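Open the model in your viewer and get ready to click along.

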Amino acid sequence: MAETKPNYQKLHITEQPITLSNWHCHVNWINTSLILVVPIFGCIAAFFTKLQPATAAWAILYYFWTGLGITAGYHRLWAHRSYEASLPLKIFLACVGGGAVQGSIRWWSSKHRAHHRWTDTVKDPYSVRKGVWYSHFMWMVMKQNPKDRGRTDISDLNHDPIVVWQHRHYGNFILVFGMFFPMLVAGLGWGDWQGGLVYAGILRFLFVQQATFCVNSLAHWLGDQPFDDRNSPRDHVLTALFPSDYRNAIEWWKYDPTKWSIWVWKQLGLASNLKQFRANEIEKGRVQQLQKKVDQKRAKLDWGVPLEQLPILSWDEFEVESQSGKPLTVIAGVVHDLTHFIHEHPGGKVLINSAIGKDATGLFNGGVYSHSNAAHNLLSSMRVGVIRGGGEVEIWRRRNSDKAI
Ligand SMILES: [Zn+2]
């Protein structure tokens, strides 16, 4: 019946099932060309292109520049504003960042802010909850439903003339800094025009793209969570939890070339106002996380029956029970059954026998031997009752000695 059919014309393409006749409408062809079609073409071309050592070195160097454009530029400068950059540095980062072929600063930073703001929800543009492949690159290959878009404030980016300029001419940035410039350097430098285009251009940006995409996908699955485990970001993305910190690794020696570059730019007067989260705040997160792990491990161990669940005995009852042959002793107001331990006692059977039927708190805690923490733990697994009033009291002893007289 016609009226029960969903009206597909009113639905966004992402709300319609993928069929043989409409699958191409689901694909974002511009993104797909830049992250799949051109890179695959580059891989094929590499079979027919000899790799010269100078071109290989240039490709690696340009890989680092364009990677820095993303990490120091797109990510820490524009998406998180973790420092301020002078105009020449901004122009450099906008150019090499554009050469990484990952979208304009404006597009990339707005998605990234949404990713932090809406982490692991449907509004997270590359939520890892939708699968590793989705968070890696399928979120760009397939069209997205505008209804699910997590909105963020990018008014600061709209007021940044470099961001606006790069966004407006982004197509040229891809052509010039993604392919033409690396080709020009190799071509004019040592006559390797083709190698420059294939290796320093296309394959190099393929590697930068994949490295960045891995942060969105694999980095949410692998590694430790030393700061907070409520969200999926892991160890190497400290930035995920302290996004306005210009560093990724706090310790200066940990591999973090972006941090080192920003620091060098500061010394050169190109960067300023480097933001750092207070060490105390970062340390708090780390300690709380450690505590959580300790608590989890602790919960798995046998710490003996909780005191509040043990039966309460009077001193009389304790004496009666231990005289009837049960090897019971009282330590710190708690009754312990030594049946299975008498023969294992490292201090020997005689010493432990001397504690049976008595309050051995003093003996246990240094009267004869001050027991280790391990002994205290072991003891707790033998507890069977609690003495009313806490232990043998003086009044008892006096009464018993009166009796003896
Ligand atoms: Zn971030």
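## First stop: Ile40

Select Ile40, which sits in helix H2, the stretch covering residues 29–46. Before going further, please keep in mind that this is a predicted model. Is Ile40 buried or exposed? Ile40 counts as exposed, because it has 12 C-beta neighbours inside 10 Å, and a residue with 12 or fewer falls into that class.

## Zoom out: the whole chain

Colour the chain by secondary structure and you will see 18 helices and six strands. Of the 405 residues in the chain, 30% count as buried. If you look at contacts with a separation of 6 or more, 69% of them join residues 24 or more positions apart.

## Spans from the UniProt record

Next, select residues 29–49, 56–75 and 173–191, which an unreviewed UniProt entry lists under "transmembrane region". Two of these spans can be described further:

- Residues 56–75 are 100% helix and 0% strand, with end C-alpha atoms 27 Å apart.
- Residues 173–191 are 95% helix and 0% strand, and here the end C-alpha atoms lie 23 Å apart.

## Helix H4 and Ala94

Move on to helix H4, residues 87–98. From first C-alpha to last, its 12 residues reach 16 Å, close to the 16 Å expected at 1.5 Å a residue. Which residues of H4 are buried? They are Leu89, Lys90, Leu93, Ala94, Val96, Gly97 and Gly98.

Pick Ala94, placed in helix H4. Ala94 counts as buried because it has 26 C-beta neighbours inside 10 Å, where 20 or more are needed. Leaving aside residues up to four places away in sequence, Ala94 touches Gly73, Ile105, Ile162 and Gln166.

## Into the nonpolar cores

Now for the largest nonpolar core, which has 40 residues. Show Trp78, Leu93 and Ile105, the residues with the most contacts inside this core. At least two core residues come from each of H3 (53–79), H4, H5 (105–117), H9 (170–190), H10 (193–216) and H12 (257–267). Which helix gives the most to this core? That is H3, with 10 residues.

Stay with Trp78 for a moment. Not counting residues up to four places away in sequence, Trp78 touches Gly73, Ile105, Ser109, Leu157 and Val163.

Then jump to a second, separate core of 12 residues, where Phe318, Leu328, Ile331 and Phe364 are among the members.

For the next two stops, keep one idea in mind: two packed helices are described by the angle between their axes and the distance between the axes.

Display H3 together with H12. The axes of H3 and H12 come within 10 Å and cross at roughly 75°, which means that H3 is roughly perpendicular to H12. To see where they meet, select Leu68, Thr71, Ala72 and Arg76 in H3, then Thr258, Ser261 and Ile262 in H12.

The axes of H4 and H9 come within 8 Å and cross at roughly 75°, so H4 is roughly perpendicular to H9. On the H4 side, the contact is made by Cys95, Val96 and Gly98; on the H9 side, by Tyr170, Phe173, Ile174 and Phe177.

Finish with the backbone. Most residues other than glycine have a negative phi.

Select Arg81, in the loop between H3 and strand E1 (84–85). Arg81 is not a glycine, yet it has a positive phi of about 50°. Arg81 is partly exposed, with 16 other C-beta atoms within 10 Å.

Then select Asn273, in the loop between strand E2 (271–272) and helix H13 (279–299). Asn273 also has a positive phi, of about 55°, although it is not a glycine. Is Asn273 buried or exposed? Asn273 is exposed, because 11 other C-beta atoms lie within 10 Å.

Definitions and conventions. Residues numbered from 1 in each chain as written. Predicted model: local features only at pLDDT ≥ 70, side-chain atom pairs only at ≥ 80, totals over all residues. Helix = DSSP H or I, 4+ residues; strand = E, 2+ residues; numbered from the N terminus. Contact = placed C-beta atoms within 7 Å. UniProt positions renumbered as here; feature names shortened; annotations may be inferred. Expected span 1.5 Å × (residues − 1). Core = buried A, V, L, I, M, F, W, Y, C linked by C-beta atoms within 7 Å. Axes fitted to C-alpha atoms, helices over the stretch in contact; angles between N-to-C directions. Parallel < 35°, antiparallel > 145°, perpendicular 65-115°, else oblique.
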